[in-house]
Amino acid sequence: MIVLLGVLVVILGFATRRNPLLVVGVAGIVTGVLGKLSPDEILKTFGESFASSRSVTIFAITLPVIGLLERNGLQQQARTLIGKLGNLTTGRFLTLYLLLRQLTAAVGLQTIGGPAQSVRPMIAPMAEAAAERKNGGRPLPRAIRDKVRSHAAGADTVGVFFGEDIFLAIGSILLITGLVNATYHTHLEPLDLALWAIPSAICAFLVHGARLLRFDRELERELVVANAELDVEETAK
Amino acid sequence: MIKAEWFYWLVGAVFIVMGVQTLMDRTNAKRYTSGSFWTLLGVTFFYSSWVVDKSLPSEPLGIAVLVLICLGGFNLVGKGTPKTTDEKQRTELARRFGNKLFIPALTIPVVAVICAVVIPKFHFGGHVIFEKGNETILGLGVGAIVALLVGMWVLREPRVSVPIHAGRGLLESMGWALLLPQLLAVLGAIFQAAGVGTQVGKITEKILPDGQLLAAVALYCVGMFVFTVIMGNAFAAFPVMTAAVGWPVLVQNLHGNAAAVMSVGMLAGFCGTLCTPMAANFNLVPAALLELKDQYGPIKVQAPTALVLLACNIFIIYFFAF
């Protein structure tokens, strides 16, 4: 029972907004001690699990090329390009990206997108440019611009989460078969699990896609309000 | 055969080079501790190879992880002011290079696709080219290297130091948050080793009314959601909730379809990932990369979708798994 205090450490640390690295470190050590692991076993578990989870950090390898392209104007060019795409609104553009992200992840290409590879250099600037066009070419107010960028990140994340589990060789599917088959002496096939991910994937597209399309109307309203305030300020001067 | 470990060494080497650059970067007020952080992270990527094949002890790596936690946790990792182009120069450069700028960016996914789909079909003298099961990871690595070469050629950039400096700028803007996902996997392993799952199971037995199918399904899914929010990682929540409810109650007592329960249960956990700052790589890293004022911006736009999908997942299991 007492081992659950480790979970409490995480909750408290997170609720009091401590640095997440410290929260994880302290919770790990506390849980280990409460679970009667020796200091040596705790260090071993830290080391072994850190070594076997390196794959979540390897996206860093794409940073040099993205950095190089950005200093040569990739974001600016992405804006110019979307500027030419006639009537694609922010919401429609992001819905299209959501679909694309789900489909590519479902065939095992989850590294195609991501915040560093695609959202920052391409998707966010394009979504923003579409919103600016709606704003008559004027730059967006900070709060609205951040919301558009947040939605660009959200479309990417929702897309990959509810697409990737349709692919057989993805970590979560392998984790399920590995854990369940070993612990409970049964036999689950990756393919069965992957097929069961399809209904949720369809729900995800319908729900999030609808929200993105509705975001267009929300954006329009907020821009009208923001511009009205701007006008008032200018007349006051 | 090209092994995934080689690629991890390359990533490690990149961290070490950037770490040394940070050590020498006078514009960074915390250059010694920041540089040590990135350099040590790079070294762990090499050392991990021997931990994985069990030829060196894992305790020193555990200590290194604790040092990284302290450097990042006590706010000793800062950033410098990278030399780069300004907005006006970038607009001019964009006009000069035009859509050619997209070629290197699209090279990464195209090469990754080819590596993941086509290359595994070829054999040379009975050997596969890429280590089995790691084709996607290796594809990303090869894609990044090819894209860098293509980028330097397209942009007529002869100095390799330029992309490395530019990449370091992005790395420093992410800071210690880059490490959090890997540490959450560590926390999940500790929870497992200390028996957190078994304990949650005992509590569940006490609170769950007998034979209430919908309640049991909801408890499993909401449990996955809540634990994922706490730990930032559905992978860490899965062993806990499956030992507690998923297997003993839903599969054994109520005879649910194991594949459906487990698969959709994991997706209920993913709904939690959408809502938590603990899932730094999906929520805080994008906020930092996009230079958002509110670091919870992505979570706020994702949360409504996550809650609706949690309900969808509960109903999918309830209606189709039994």
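Visitor: Which residues form the nonpolar patch on the surface of chain B?

Guide: The nonpolar patch is made up of L106(B), V110(B), I114(B), V117(B), V118(B), F122(B) and F124(B), and together they have about 630 Å² of accessible area. Before going on, please keep in mind that this is a predicted model, in which local features need pLDDT of at least 70 and side-chain atom pairs count only at pLDDT 80 or more, while totals for chains, interfaces and linings use all residues. Residues are numbered from 1 along each chain as its sequence is written, chains are lettered from A and ligands numbered from 1 in the order in which they are written, and side-chain values use heavy atoms, with hydrogens and water left out.

Visitor: What counts as a patch here?

Guide: Patches consist of residues with over 30% relative accessible area and no salt bridge, where like charges are joined within 9 Å and nonpolar side chains (Val, Leu, Ile, Met, Phe, Trp, Tyr) within 5 Å. Accessible areas come from the Shrake-Rupley method with a 1.4 Å probe, and for residues only the protein chains shown count as cover. A salt bridge is a side-chain nitrogen of Lys or Arg within 4 Å of a carboxyl oxygen of Asp or Glu.

Visitor: Which helix gives the most to that nonpolar patch?

Guide: That is helix α5 (residues 102–118) of chain B, with five residues. F122(B), for its part, sits in the loop between α5 and β1 (123–124); helices (H or I, at least four residues) and strands (E, at least two) are DSSP runs numbered from the N terminus.

Visitor: Changing topic, which residues gather in the patch of negative charge?

Guide: On the surface of chain A, E229(A), D231(A), E233(A) and E234(A) gather in a patch of negative charge. Here Lys and Arg count as positive and Asp and Glu as negative, with His and the chain ends not counted, and the place of a charge is taken as NZ of Lys, CZ of Arg, CG of Asp or CD of Glu. D231(A) belongs to helix α11 (residues 198–236) of chain A and, at 46% relative accessibility, counts as partly exposed.

Visitor: How many helices and strands are there in chain A?

Guide: Chain A has eleven helices and zero strands. Its radius of gyration is 23 Å, well over the 18 Å that the globule rule gives for 237 residues, so chain A is more spread out than a compact globule; the radius is taken over C-alpha atoms, and the rule is 2.2 Å times the number of residues to the power 0.38.

Visitor: What about chain B, how many helices and strands there?

Guide: Chain B has 14 helices and two strands, and buried residues make up 58% of its 322 residues.

Visitor: Where does T242(B) lie?

Guide: T242(B) lies in helix α11 (residues 234–253) of chain B, and it is buried, with a relative accessible area of 0%.

Notes. Buried means under 20% relative accessible area, exposed over 50%, partly exposed in between (1.4 Å probe, protein chains only).
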